[in-house]
Amino acid sequence: EQTLAGLGPKIARLEEHLQRIARLEHVGNVRQRGLIAGIELVRDRSTKEAYPGAEKRAAQVCEHTRSEGVLLRPLGNVLVIMPPLAVTLDQLERICAAVERAIFVVTET
C-alpha cells in the first residue's frame, strides 16, 4: 500500500483545511506537523484571551464531532487532530468539516 509514500497529498490537504479553520473567529492558533494538528480555541482572537478552563470548550467541540463519528482529543483549550496514516482524502474532508462545524457551534453559543 505504500502508506508513507502517499502521505504528501494528505498532509497538503490537511494544511488547506487548517488554513480555512484558522480564520474562524475563536481560533487563536493552528499548528501542524505532518498529519498531526493542534487548534487553539480562544475567547478573543485579537488579544488571544483564553477561555476559562472550567468551560472546557475543546472538550465540548470533541463531544460535538463525536456525534458525527469523528474522534478528537482535547488538551486544555486545544483540539488535537491525529488521524491514522492510512486516512483517505475523503475522510480528511469529513474530519475537518466536522471540526469546523463544531467550533462554530460551541464558540458562537
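Q: Is R13 buried, partly exposed or exposed?
A: R13 is partly exposed, with a relative accessible area of 26%. Buried means under 20% relative accessible area, exposed over 50%, and partly exposed in between (1.4 Å probe, protein chains only).

Q: What kind of model is this?
A: This is a predicted model, where local features need pLDDT of at least 70, side-chain atom pairs count only at pLDDT 80 or more, and totals for chains, interfaces and linings use all residues. Residues are numbered from 1 along each chain as its sequence is written, and side-chain values use heavy atoms, with hydrogens and water left out.

Q: Which residue forms a salt bridge with R13?
A: E16 does, with the closest N and O atoms 3.9 Å apart. A salt bridge is a side-chain nitrogen of Lys or Arg within 4 Å of a carboxyl oxygen of Asp or Glu.

Q: Where do E16 and R13 lie?
A: Both are in helix 1 (residues 7–21), 3 residues apart, about one turn of the helix. Helices (H or I, at least four residues) and strands (E, at least two) are DSSP runs, numbered from the N terminus.

Q: How many salt bridges in the whole structure?
A: The search finds 7.

Q: What about R43 and E55?
A: They form a salt bridge, closest N and O atoms 2.9 Å apart. R43 lies in strand 2 and E55 in the loop between strand 3 and helix 2 (57–66), so the pair ties together parts 12 residues apart in sequence. Salt bridges that share partners join R43, E49, E55 and R57 into one network.

Q: Switching to strands: how do strand 2 and strand 3 pair?
A: In the antiparallel sense, over 2 bridges. Two strands pair if DSSP finds at least two bridges between them. V42 has A50 in strand 3 as its bridge partner.
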